[in-house]
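Open your viewer, get the selection tool ready, and follow along one stop at a time.

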Amino acid sequence: MANGLQRAIYNLANAVPLAVMTALAWYLEFKTWRIPIILLTAAVAVTVLFAFCFYYGKNNCSVKSINVSKIISKDSWLVAYVIAYVLPFAYMVMSDYNIVSLIVVALMLVLVIIPAIMALPNILLFFVGYHFYEIETESTGVGDYMLISKRRRIRNKADVKTVMRVFEKLLIDTKGEK
């Protein structure tokens, strides 16, 4: 199971597209490279850390058997993320910012890290071909486990037999076919 730093990196990675789009918008608005370089460097650093932590966890987490009672696709959440979260920030007018707006944006970025209890789909994993499912297990009856899988569509709950537990509510499908 992953530690707190890996959990923070997993959640912080959802802010990478926001940093990239903000860097682009900053350059287009102000024609300076200082802030865009900082944002792009941070985005690359978080992406590399995320890739390292994810693949390390994928290769080292213990495998456990589960009985799934319900499975629902959660890929649509990522489309809503891109439309509702990334694009409005990328095109906001930056010449009218003040300290209060900077604090609000910083707090929103911190809130990406806070949901340590929740398992959220990760936009970077979606970009490299992973899909997300909410599952409920027969043994616990808990319905908010997030399953990460390379398989595009899992319709039959019996198709998910073994998983790796990354966090309390985040699982990786061990059957990696598409």
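## Stop one: a buried ring

Begin by selecting Phe-167, which is buried, with a relative accessible area of 5% (buried means under 20%, exposed over 50%, and partly exposed in between, using a 1.4 Å probe and protein chains only). Before moving on, note that this is a predicted model, in which local features need pLDDT of at least 70 and side-chain atom pairs count only at pLDDT 80 or more, while totals for chains, interfaces and linings use all residues. Residues are numbered from 1 along each chain as its sequence is written, and side-chain values use heavy atoms, with hydrogens and water left out.

## Stop two: the aromatic rings

How many aromatic pairs does a search of the whole structure find? There are 8 aromatic pairs. Rings of Phe, Tyr and Trp (its six-membered ring) pair if their centres lie within 6.5 Å; planes under 30 degrees apart are stacked, over 60 edge-to-face, and the rest tilted.

Helices (H or I, at least four residues) and strands (E, at least two) are DSSP runs, numbered from the N terminus. Tyr-10 is buried too, at 4% relative accessibility.

Next, select Phe-54 and Tyr-130. Their ring centres are 5.3 Å apart and their planes are at 80 degrees, so this pair is edge-to-face. Phe-54 sits in helix α3 (residues 34–60) and Tyr-130 in the loop between α6 (123–127) and β3 (131–137), 76 residues apart. Phe-54 is buried at 9%, and Tyr-130 is buried at 3%.

Now show Phe-50 and Tyr-55 as well: Tyr-10, Phe-50, Phe-54, Tyr-55, Tyr-130 and Phe-167 form one aromatic cluster.

## Stop three: charges over rings

Keep Tyr-130 in view and select Lys-150, which lies over the face of Tyr-130, at 4.6 Å from the ring centre. A charge sits over a ring if NZ of Lys or CZ of Arg is within 6 Å of the ring centre and within 35 degrees of the ring normal. Then find Tyr-145, where the charged end of Lys-169 sits over the ring, 5.3 Å from its centre.

## Stop four: salt bridges

Side chains of opposite charge can pair when their charged atoms come close. The structure holds 2 salt bridges (a side-chain nitrogen of Lys or Arg within 4 Å of a carboxyl oxygen of Asp or Glu).

Select Glu-134 and Lys-74, whose side chains meet at 3.4 Å, N to O. Glu-134 is in strand β3, and Lys-74 is in the loop between β2 (68–73) and α4 (76–90), 60 residues apart. Glu-134 is partly exposed at 23%, and Lys-74 is partly exposed at 27%.

Now go to Arg-151 and Asp-173: are they buried or exposed? Arg-151 is buried, at 7%, and Asp-173 is buried, at 6%. Their side chains meet in a salt bridge of 2.5 Å, N to O.

## Last stop: the whole chain

Zoom out and colour by secondary structure to see 6 helices and 6 strands. Of the 178 residues of the chain, 39% count as buried.
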